[in-house]
Amino acid sequence: MRIVICVKEVLDPDAVDNYVLHGKLEIGDDGKTLTQTSIPRLMNAYDEQAIEAALRFRDNGVECTLDVVCVGADPTAILRQAAAMGADEITTVPVENGSVDGHAVAKILAAYVQSKGGADLILCGRQASDDDQGVVPALLGELLDMPVLTIARDVQLEGDRVRVTRVTPEGDEIVEASCPAIVTISNELGTPRYPTTMRTMKARRLQPDQATLESLSLSADDVRPVVAMSKQYVSSVQGNCEFIDGATADDQASALIAKLRAERVIE
Amino acid sequence: MSNALVFCSFDAGRDGIPAGAEEVLTLARKIAAARGVDLDWLVVGAKPAAVDEIAARHGVAHVDQIDDAKLAEASPDLLVAALAGYVSQHSPGLLMMTQTFDARLIAPRLAGRVGAGVVMNVVDLEDTGGGVKATSTAYGGDTRVEYDIAGAAVVGVVADPLLPEPASSSSSPESRSVAVDLGGVDERIQVVQKASTEGPRLEDAQIIVAGGRGLQESENYALVERLAEALGGMAGASRPIVDDGWTDTAHQVGLTGKITRPVLYLAAGISGASQHMVGCTAAKTLVAINTDPDAAIFKYAQYGIVGDCLEVLPALTKAVKGG
Ligand SMILES: Cc1cc2nc3c(=O)[nH]c(=O)nc-3n(C[C@H](O)[C@H](O)[C@H](O)COP(=O)(O)OP(=O)(O)OC[C@H]3O[C@@H](n4cnc5c(N)ncnc54)[C@H](O)[C@@H]3O)c2cc1C
Ligand SMILES: Nc1ncnc2c1ncn2[C@@H]1O[C@H](COP(=O)(O)O)[C@@H](O)[C@H]1O
């Protein structure tokens, strides 16, 4: 069976967090692009877990082709990482950074999947850790007319059925659908495997296949953003913490509890 | 397009009225007023008792309801079909949802189905003359992004503590029953086993004591649970310690966990990464215990204790019990 895994390249969210914490995040002249070249570009962590989910099918004896695709400026490094993890095919659809929105990405991914004669299963991350939107898989599901099973901690294939354990606020829920289907993977799936040095060395020479808007029969109009990002800025945090002093932990504790009681925060 | 602006809820079976609904209505009314259009509330499925009263307080013009036996188990294909049917009858210019767990899937599916733009994690909205500018969080709350959508839009709104309390401007909403033909819609997703956490939920807790990696060892999570119990609250956790199995996912607070809105949130040994803070900055009072005086969490906290949580947590439990 053919499994397509959609991966996005993002700026390392921990590095962004660190720059913000130290008041050093830089935003470019366009008022929206994060410009620090020192922030590493990584595969979105949930997408790495989506690859891991697919590799586990293979561990369990499911015969499958793993086709990893990325819409982005130059995702060669993360696609090589995908190959080192065990992807059979890696493909990039080049677009300029920041030039497409989720709607356009979904259209490109849908056209890509169709150009490959469809897929039995499409795996995505639950959300991209840059924009946190989590809309591409649902939009893709609409375009390809497939059910979308979200926030999975476990995915099992049983014949042409996919069974997914979802992490819901009420606890785990188990759902099923017939393939073809789209599943979005959450971090609860667990740590993705680390590629062996041998595989990493081999993947280093790989050049990803390239699909283009033209080869996918998409016009510039087709991928014009519906949702246009116009501005990005650092969120402000108040920062007026009152520190509770005391010679011992007991002193600090009593002082805090007294304050919270005085303010009727607690009884 | 001077079509009504619609706030939509469909959680009757699960949540009743979703937490934060009034903040969304506050935002919705602002846009409806700017456009000079009606604000309507669409309830899909059973209508929770409080809807009419809340709608009246927020100046809602119509409370629409799609009630169909098939919607009893609100499942995605049926919900999206019901909403899309409503959109084709009423063509709302803007459809807003509280960003519940289910809405994270329903909003973008609906947008795709009806050809509208979709934005999630919205904390503020502004009318741009028919279109809308949505402000959303990104990078787990580290940054905010403004998006412009020229045409019809579907947005998922997260409760923002900065939003004002809803002002009163009462109306007497007219109830309308909306018929959508769901006869031909088959649900493609079958529930094999329902989620079954019984009892209180972190989202509803008034007091939360949360622990993070600063607790050092799995056994020490009990210190958090003991203080939570002494305060009559619930225990929360940061993601790394949930990942390591110190407690289960139901306790995870943050971007990929629970969005909580307690009166008191006490964070012990939590650094204050944006992805965690998204889940607790709506707390009325935030207290942090951390050995590092420069920890990011102190930027958010009203009260801070610089100290070892392994000592401070038991001391707090003692102080609470000691009266
Ligand atoms: C896309 C994405 C989504 C995420 N979603 C979430 C989410 O939903 N929820 C979440 O929590 N995280 C989430 N994270 C992870 C988040 O970025 C942080 O890594 C995480 O919150 C850190 O957890 P922590 O504060 O427990 O651990 P650390 O960052 O390791 O902090 C431990 C803290 O404890 C302090 N400390 C150490 N010893 C003691 C002691 N004895 N007493 C007191 N303090 C001590 C340290 O000074 C430090 O500040 C997400 C990350 C990404 C990229
Ligand atoms: N540019 C992209 N290329 C490939 N897949 C993507 C891209 N953007 C988003 N996705 C997929 O859609 C998921 C959700 O992304 P988003 O809707 O941007 O939060 C990601 O985890 C990826 O699996």
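Helices here are DSSP runs of type H or I with at least four residues, numbered from the N terminus. The model is predicted.

Just after helix 5 of chain B comes Gly232(B), with a positive phi of about 70°. Helix 5 itself spans residues 221–230. Its buried residues are Tyr221(B), Leu223(B), Val224(B), Leu227(B) and Ala228(B). Seen down the helix axis, these buried residues fall within an arc of 155°, so they line one face of helix 5 of chain B. An α-helix has 3.6 residues a turn, so residues three or four places apart point the same way.

What do the buried residues of helix 5 of chain B pack against? Their partners, also in chain B, are strand 11 (207–211), strand 12 (234–237), strand 13 (264–268), helix 6 and helix 9 (309–321).

Now turn to ligand 1. Residues from chains A and B surround ligand 1, so the site is shared between chains. There are 29 residues around the ligand. Ser238(B), Val253(B), Ser271(B), His276(B) and Asn290(B) come nearest. By class, the shell has 16 polar, 8 nonpolar and 5 charged residues.

Backbone atoms of chain B also approach the ligand's oxygen atoms. A backbone N or O atom of Arg239(B) lies 2.9 Å from one oxygen of ligand 1. For Leu255(B), the corresponding distance to a ligand oxygen is 3.1 Å. For Gly257(B), it is 3.4 Å. On its own, ligand 1 has 1,000 Å² of accessible area, and the protein covers 84% of that.

Note on methods:
Residues numbered from 1 in each chain as written. Chains lettered and ligands numbered in written order. Predicted model: local features only at pLDDT ≥ 70, side-chain atom pairs only at ≥ 80, totals over all residues. Heavy atoms only, no water. Near = heavy atom within 4 Å. Polar contact = N/O pair within 3.5 Å; in protein donor to acceptor, adjacent residues only side chain to side chain. Areas by Shrake-Rupley, 256 points an atom, 1.4 Å probe, with all protein chains shown as cover. Nonpolar A, V, L, I, M, F, W, Y, C, P; charged D, E, K, R; others polar. Buried < 20%, exposed > 50% of the residue type's maximum accessible area, 1.4 Å probe, protein only. Helix = DSSP H or I, 4+ residues; strand = E, 2+ residues; numbered from the N terminus. Arc of directions from axis to C-beta. Contact = heavy atoms within 4.5 Å.
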